[in-house]
Amino acid sequence: MKFFVDTANLAQIKEATELGILDGCTTNPTLMAKEGIVGEKNVWDHYKKICEIVDGDVSAEVISTDYKGIIEEGKKLAKLHKNIVVKVPMIREGVKAIKYFSDNGIKTNCTLVFSPGQAILAAKAGATYLSPFVGRLDDINIDGIGLIHQIRHIYDNYQFKTQILAASVRNALHIVRCAEAGADVVTCPLNSIVSLFAHPLTDKGLEQFLVDHAKANKK
Ligand code: G3P
């Protein structure tokens, strides 16, 4: 399973790489805006900065929603850095554009996926990654993890190569459940990744080891 960090915050991205377990990064227009990055040039420069930190795929989302616009914008984004993956929304024009990018060697991440039918369309078009939003489904009382299970089952039935990139993953339990469901990638905020370290018995055990070592080594 691959771990991506879901943020545009450079300090958090650096911290995530320092953990030694990071494989990539995902962003979206909301996360960019949250960092105060506005204007096309600033946003594109920011993508380059992220790519210089992350040794792996970095999703950069298009703003256009028409086929021609998505193609033009996606081509420019892909030229920014070899790590860029063009993130495209799950809409008709988006799926057509994913097919174009796939035929022309440009990696894609199909985003805003909420149903197995959408997952089939993206895979047929040749998406590199598919982003089903686990947390946002849970928010409306639909089982987000259940969707990951369904998509895994369908993709395995047909040997679709599209990688399931579980998104809108918000806590340690979500991460573990996505892993159990066979997600290829999980993307989440840094604090969710860090929360995987925590276990009271680890803390208690370490404290005892250090106390015993100190006692035994007293002069
Ligand atoms: O990048 C898309 C996704 O991860 C957003 O998560 O928490 O805003 O639903 P969230």
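The model is predicted. Helix α4 (residues 67-80) packs with helix α5 (residues 92-103) at an angle of about 45°, and its axis crosses that of helix α3 (residues 40-53) at roughly 40°. The largest pocket has a volume of about 350 Å³, and the second largest pocket one of about 190 Å³.

**Packing of α3 and α4**

- The axes of α3 and α4 come within 9 Å and cross at roughly 40°.
- Because of that angle, α3 counts as oblique to α4.
- The crossing in which α3 passes α4 is right-handed.
- On the α3 side the contact involves W44, Y47 and K48, which meet E73, K76, L77 and L80 of α4.
- By class, the residues of this contact of α3 with α4 are four nonpolar and three charged, with no polar residue.

**Packing of α4 and α5**

- The axes of α4 and α5 lie 9 Å apart, at an angle of about 45°.
- That angle makes α4 oblique to α5.
- α4 passes α5 in a crossing that is right-handed.
- From α4, the residues in contact are Y67, I70, I71, G74 and K75; from α5 they are E93, G94, K96, A97, Y100 and F101.
- The contact of α4 with α5 comprises six nonpolar, two polar and three charged residues.

**Largest pocket**

- The volume of the largest pocket is about 350 Å³.
- Its lining holds 23 residues, and D6, T7, N28, L31 and P189 are the closest to the pocket centre.
- Helix α2 (residues 29-34) supplies the largest share of this lining, with three residues.
- The lining of the largest pocket consists of seven nonpolar, 10 polar and six charged residues.

**Second largest pocket**

- The second largest pocket has a volume of about 190 Å³.
- There are 14 residues in its lining, and V43, W44, Y47, E61 and I63 lie nearest the centre.
- α2, α3 and α4 are the elements that each give two or more residues to this lining.
- The most comes from α3, which gives four residues to the lining of the second largest pocket.
- In the lining of the second largest pocket, 10 residues are nonpolar, one is polar and three are charged.

Conventions: Residues are numbered from 1 along each chain as its sequence is written. This is a predicted model: local features need pLDDT of at least 70, side-chain atom pairs count only at pLDDT 80 or more; totals for chains, interfaces and linings use all residues. Side-chain values use heavy atoms; hydrogens and water are left out. Axes are lines fitted to C-alpha atoms, for helices over the stretch in contact, and angles run from 0 to 180 degrees between N-to-C directions. Angles under 35 degrees count as roughly parallel, over 145 as roughly antiparallel, 65 to 115 as roughly perpendicular and the rest as oblique. A crossing is left-handed if the near helix is turned anticlockwise from the far one by less than a right angle, and right-handed if clockwise. Contact means heavy atoms within 4.5 Å. Ala, Val, Leu, Ile, Met, Phe, Trp, Tyr, Cys and Pro count as nonpolar, Asp, Glu, Lys and Arg as charged, and the others, Gly among them, as polar. On a 1 Å grid over the protein atoms alone, a cavity is a set of points where a 1.4 Å probe fits but cannot get out, and a pocket is an open set with protein on both sides within 12 Å along at least five of seven lines; lining residues have an atom within 4 Å of a point. Grid points are joined across faces, edges and corners, and a volume is the space filled by probe spheres set on the points.
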